[in-house]
Amino acid sequence: MGLPETFSKMFILATSLCSWKSGFVGNPQVPPFKTVLELVRKRVMDLACEQQSKKLKCKLEDVQPRDGMKNLPRDIALDILSRLPITSLLQFRFVCRSWRFLSQDPDLVKLHFSRTAKNNPCLIFHCDYPIRNQLYFVDFSDQDDNQTVRKIDTPICAAMPEFYVVGSCNGLLCLYNSLYNDPVYIYNPFTRDYKRLPESRLQFQEKEVLFGFGFHPNSREYKVVKIVYSSRSWRRSRSEVQIFSLGSSTTWRSIGKVVYRLERSEALVNGRLHWVTRPVRLRRIVSFDLADEKFEEVPKPSCGGLNRCNYHLAVLGGCLSAVVYCNYGKLEIWVMKDYNVKESWVKEFKIGAYSPKFLEQNLVQSYGIWNNTLNGKLARVLCLLKNGNVLIEYKGGVLVSYDPGSGKFKNLVFKGMPNMFQTFVHVGSLNWIDTPIDIDM
């Protein structure tokens, strides 16, 4: 309603007032004429304010971005949203109902993941010092050191305050109770969706447990693998392998025993989990295919560093890699360029000794999460960065970027980093177990 309509209302009110006054002249119950005028004036002012408020509301609605997003073709809208950081995409979900529905589009989940996976990863920090377990994250970029570490609100902490992280796959974390090895949780740290797996039943008392978590692109299933040994002595130990298929299983199922004594050094490549065997005479690399659920040895080079006993597995550039611990703190990284081809092993990197000041002061201290990983070794290689540098974590929580070209090390420090932690390479995603990602990781 515009100004003419407002004057019209004023005229009608004044006319009514005159008629009303002429009909009640001399009546003592009729309010004074000035009072009535004041009421009319107030009513007119209220109408004017109401009109201004409606105009302002209309202007705001005209510039609301949701209307523009609705008018965009779906493919263009998904392309725009897929380029957002995971934290911005989460905020986008709460703008309005239509945007929330758009953020739940399975095509957006897949497109966003495929784009994010090609960039530098998100880093998840698992901290168990001094007492309570906690998760943190940082959107890592090799071009910007001014990133801030943020705490992850973990809803399962109330039910499971002490936990270990098995690993990350397609934006999902696998966690388990560090005191009793059960229960196991699958958790998306950004959407806060989680699933508690039922406790498993064993035929004997467990003494040592290994876990694996991964996704196979052919079977399109996420699976958790639990390997249990009855004794810490290999010769007297019995073993059992249990599988839980997310989305189709309601209980754990046993597939028999494993003839290898495996160590914690999990790496997921081509839908297969990989571990190394304990060094009795010769250390082997053993894979477990998540589709056919069979163990198999992976060929090693005939000569070189992998004949040594001291190495751990990693995934660099999508390839299975072995990080060999050499004398005086040096590292060698061997990469299998063509999976399961023995001749394709190449010694890709030689990394010199590096000792952060933090380590020099804290070597005697023990950290629970690091004793659980790689048997407490001083360093582990995490991944290759987009600029070709190697990301390395030293015991207790010291992140270092190594430049193979110059041979120089750079300490990575972010605002709000916890004092001691273990790092996991993660891809921030809206993914969940019922929307499997069609991408080879």
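1. A polar contact is a pair of N or O atoms within 3.5 Å. The model is predicted.

2. Where does Ser 82 lie? Ser 82 sits in the loop between α4 (74-81) and α5 (86-92). Its relative accessibility is 2%, so Ser 82 counts as buried. The side chain of Ser 82 also reaches back to the backbone oxygen of Asp 79, at 2.8 Å. With neighbours within four places in sequence set aside, Ser 82 is in contact with Leu 108, Leu 111, His 112 and Arg 115.

3. Asp 79 is partly exposed, with a relative accessible area of 26%. Arg 83 counts as exposed, at 54% relative accessibility.

4. How many salt bridges are there? The count comes to 19. One of them joins the side chains of Glu 293 and Lys 223, at 2.8 Å from N to O. Glu 293 lies in the loop between β14 (285-289) and β15 (295-298), while Lys 223 belongs to strand β9 (residues 221-229), so this pair ties together parts 70 residues apart in sequence. Are Glu 293 and Lys 223 buried or exposed? Glu 293 is buried, and Lys 223 is buried too.

5. Next, a salt bridge between Lys 337 and Glu 348. The closest N and O atoms of this pair are 3.3 Å apart. Lys 337 is in the loop between β18 and β19, and Glu 348 is in strand β19; the two are 11 residues apart. Lys 337 counts as partly exposed, at 42% relative accessibility. Glu 348 is partly exposed as well, with a relative accessible area of 34%. Elsewhere, salt bridges that share partners join Arg 74, Asp 75, Asp 105 and Asp 107 into one network.

6. Now the sheet that holds β19. This open sheet has four strands in the order β16-β17-β18-β19, with antiparallel pairing. Which strands stand at the edges? They are β16 (311-316) and β19 (345-351). Each has a single partner strand, so one side of each is left without a neighbour in the sheet. From one strand to the next, the twist averages 25 degrees.

7. Strand β18 (residues 331-336) pairs with β19 in the antiparallel sense, over six bridges. What is the bridge partner of Trp 334 in β19? Lys 347 is that partner.

Conventions. Residues are numbered from 1 along each chain as its sequence is written. This is a predicted model: local features need pLDDT of at least 70, side-chain atom pairs count only at pLDDT 80 or more; totals for chains, interfaces and linings use all residues. Side-chain values use heavy atoms; hydrogens and water are left out. Buried means under 20% relative accessible area, exposed over 50%, partly exposed in between (1.4 Å probe, protein chains only). A polar contact is a pair of N or O atoms within 3.5 Å; within protein, one must be able to donate a hydrogen and the other to accept it, and residues adjacent in sequence count only if both atoms are side-chain atoms. Contact means heavy atoms within 4.5 Å. Two strands pair if DSSP finds at least two bridges between them. Axes are lines fitted to C-alpha atoms, for helices over the stretch in contact, and angles run from 0 to 180 degrees between N-to-C directions. A salt bridge is a side-chain nitrogen of Lys or Arg within 4 Å of a carboxyl oxygen of Asp or Glu.
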